[in-house]
Amino acid sequence: MATLAAVLATTHHPFYLKATTMPPEQQMPQAAEWKRKVEAYRETLTRAKPDILVMVGADHFHQFFLDNYPQFLIGKAPRYDATFYNEEREFGIPKYVLEGHEELSNFMHEGLMERGFDFAFSHELKLDHSIICPIITTRPDADLPVVPIYTNIFVPPLPSPKRFWDLGRAIREIIDEFPSDKRIAAVGSGHLSLELGGPRQFKETGPDPEFDRKAIEWLSTGNIDAILENVTHESMTKSGNATHGFMDLILMMGIAGPIPTAYHDNLDLFHTMEAYFTWYPEGAAA
Amino acid sequence: MSKYYVNKFLFTVDRDPELLRRYKEDPRSLVASWEQSIGPKLNDAELSTVNFLTDAEREALIGHDYVALFEMGAHFFLSLTIFIAIYDEDYMAKSGPLSFQREFAEKLQHWTGKDYPSVALWQAAAR
């Protein structure tokens, strides 16, 4: 059976690459620290020696729009283009082509259906920054095949926080059953408190530092009970209108299980709290 | 009103450099041609006949009026992205990084601490 080598849950600040590669005299003061933290975080994936990446993110109206917006979707293609014109324009993120892993995509899709998750699926999927940002930060060579999973954290009605947790648990079972000697890592991205296009955007900190502090505590200690007691769609809205991306971090902890992280770090940036979490469920790379 | 159609405008224009240029330079003309020939497209072969902009929505789009769009419940991501595309560079040159984004937030300050207009597309879920 396959080995779950690592689970990573990370925020995806789309300006990381631009902020850390512009001429040093133009860089923000925190750029060097940000780069150090990201490189240390990257090492937690490298150390796990993964062969395949299950990538969790959310399409930000790049391929999918309101005429047909999936709640949960799995990519099943042999190869994936990445980065849309408007992401290159706004964030300076380059284009990529990632190899897919059709065998694991199919096995995952069937396993999800068997467990009551009737996923939408795509055989021509172009990935957006929710998947490419973590590739840039955790696997910049982009040299591993991926199985992309998209969730709806963006357009109400959204699935519940509990549903994201349960989906993570289902993905874990399926990875554990995958008949292969490969090492699989799951890497997913989301947000802590976040405001976009509203009165609390682009402040000195994220819109709700108190939520950020608690969320880091809950995730790093594996405290799913506290999350499910405290986090609802309404509470996330109060923390910032785009905070619902937190549910993808809940999903990632669902893949790991209710256990403490082996590694976590954070960085208070303008506009958001960046946070990085890694679990080694098998103790494999600890 | 059609929140869906406002979002469709923002979505289709933001992803197309030529439409975006026209929306920056001559919004009234671009909105008019969008309503004629782009908005109704379901795909390259099919048209849909069921959507329309209200006068208030049309004027908000023509005026690059992101406050009105926020108050109509246009999706925050689409609205922020397209107006960053239109204004960020000029503001940056004049007033430095993030000056447009901060002005955007400032103009919405009267919503701080209140329930924002919902981005949900159905009316009953006013949250």
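**Interface and sheet**

Mentor: In this predicted model, 31 residues of chain A and 34 residues of chain B are in contact with each other. The area buried between the two chains is about 2,800 Å², with carbon and sulfur atoms giving 67% of that area. Phe76(B), Phe77(B) and Tyr116(B) supply 23% of what chain B buries against chain A, more than any other three residues.

Trainee: What makes Arg102(B) and Glu204(A) a salt bridge?
Mentor: The closest N and O atoms of the two residues are 3.6 Å apart. The cut-off is 4 Å between a side-chain nitrogen of Lys or Arg and a carboxyl oxygen of Asp or Glu, therefore the pair qualifies. The rule finds two salt bridges across the interface of chain B and chain A.

Trainee: Which element gives the largest share of the side of chain B that touches chain A?
Mentor: That element is α6(B), with seven residues. By class, this side of chain B has 21 nonpolar, six polar and seven charged residues.

Trainee: In what order do the eight strands of the open sheet in chain A run?
Mentor: The order is β6-β3-β7-β2-β8-β1-β10-β9, with mixed pairing.

Trainee: Why is one side of β6 and of β9 of chain A left without a neighbour in the sheet?
Mentor: Both strands stand at the edges and each has a single partner strand, so one side of each has no neighbour in the sheet.

Definitions and conventions:
Residues are numbered from 1 along each chain as its sequence is written. Chains are lettered from A and ligands numbered from 1 in the order in which they are written. This is a predicted model: local features need pLDDT of at least 70, side-chain atom pairs count only at pLDDT 80 or more; totals for chains, interfaces and linings use all residues. Side-chain values use heavy atoms; hydrogens and water are left out. Contact means heavy atoms within 4.5 Å. Buried area is the accessible area (1.4 Å probe) that two parts lose on being put together, summed over both. Helices (H or I, at least four residues) and strands (E, at least two) are DSSP runs, numbered from the N terminus. Ala, Val, Leu, Ile, Met, Phe, Trp, Tyr, Cys and Pro count as nonpolar, Asp, Glu, Lys and Arg as charged, and the others, Gly among them, as polar. Two strands pair if DSSP finds at least two bridges between them.
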